[in-house]
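Please look over the sequence and the structure before reading on.

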Amino acid sequence: GAGIDLEYMHPDEVSRRILNDQSDLGLMSFVTPGRDLIAIPCQRQLMVVACPPTHRFAQLAAEQGGVRPADLAGERFVAFDRKLPVRREVDRFLRRYAVEVDVTAEFDNIETIKQAVDEGAGVAVLPEPTLRREVQRQTLVQAQFILPPGEPTLVRPLSIVHRRNRRLNPAVTEFIRLLLNDAADAAAEPVSTPTAVAVDAAPPA
């Protein structure tokens with residue numbers, strides 16, 4: 001069968017590797033297709049608040065089904081790195097509701113953010129699928145945002161990216177099909193969930 005080599009890295013590095021033909025595909029969030037890149041929409045992941053089970057947000061989630069953006073005002077907050085598009089989107093969402101948080105740490109990957117939340121560094125806003133393992137183990141709690149009627153929810157659009165005009169071999173095409181089928185079936189994300197991933201799919205031997 002085909003061999004798949006996954007490498008987790010910064011989105012800028014994923015783009016560079018794809019454009020230089022060092023990787024076949026990329027899996028990226030909030031990507032903007034350009035003259036040289038094609039983006040295939042894969043998933044739209046709901047962004048939720050992640051907190052320890054002992055945090056007051058856990059009780060709010062149980063009592064009222066979630067938290068309002070205003071509830072985050074002044075909260076200790078573990079954020080994405082400020083250079084990442086997902087950070088800009090979260091910041092824009094909070095500004096829309098005039099919410100200021102106390103950023104205690106910034107990281108460029110979801111696993112490290114979850115670990116910091118678990119250790120009490122603050123709450124975070126993360127894609128819901130990336131929290132399923134922790135919610136099941138009851139190490140973290142997720143709380144959806146309660147928004148005014150008609151207000152758009154905060155989502156993380158995930159896309160498969162490849163270089164425009166590149167001829168994709170059958171193994172790569174099949175891998176794209178599998179990713180899209182998984183998205184359609186709403187399958188859980190892999191255990192390790194990066195901000196971006198470069199994919200090298202070697203053809204069958």
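A residue is called buried under 20% relative accessible area, exposed over 50%, and partly exposed in between. At 41% relative accessibility, Arg-177 therefore counts as partly exposed.

## Overall fold

The model is predicted. Six helices and nine strands form the secondary structure of the protein. Of its 205 residues, 44% are buried. Among contacts with a separation of 6 or more, 81% join residues 24 or more positions apart. The accessible surface is about 10700 Å², and carbon and sulfur atoms contribute 49% of it.

## Salt bridges

The count of salt bridges comes to 16. In one of them, Arg-177 meets Glu-174 at 2.5 Å, N to O. Both residues lie in helix H6, three residues apart, about one turn of the helix. Glu-174 is partly exposed, at 35%.

Asp-91 and Arg-87 also meet in a salt bridge, at 3.0 Å. They are four residues apart in helix H3, so about one helical turn separates them. Asp-91 is partly exposed at 25%, whereas Arg-87 is buried at 8%.

Arg-133 and Glu-111 form a salt bridge of 3.1 Å. Arg-133 belongs to helix H5 and Glu-111 to helix H4, so this pair ties together parts 22 residues apart in sequence. A network of salt bridges links Asp-21, Asp-24, Arg-163 and Arg-166.

## The second largest pocket

The second largest pocket has a volume of about 170 Å³. Its lining has 13 residues, and those closest to the centre are Pro-11, Asp-12, Met-28, Phe-30 and Pro-85. Helix H1, strand E2 and helix H3 each give two or more residues to the lining, with the largest share, three residues, coming from H1. The lining divides into six nonpolar, four polar and three charged residues.

Terms used
Residues numbered from 1 in each chain as written. Predicted model: local features only at pLDDT ≥ 70, side-chain atom pairs only at ≥ 80, totals over all residues. Heavy atoms only, no water. Buried < 20%, exposed > 50% of the residue type's maximum accessible area, 1.4 Å probe, protein only. Contact = heavy atoms within 4.5 Å. Areas by Shrake-Rupley, 256 points an atom, 1.4 Å probe, with all protein chains shown as cover. 1 Å grid on protein atoms, 1.4 Å probe; cavity = no way out; pocket = protein on both sides within 12 Å on 5 of 7 lines; lining within 4 Å. Points joined across faces, edges and corners; volume = space filled by probe spheres on them. Nonpolar A, V, L, I, M, F, W, Y, C, P; charged D, E, K, R; others polar. Salt bridge = Lys/Arg side-chain N within 4 Å of Asp/Glu carboxyl O.
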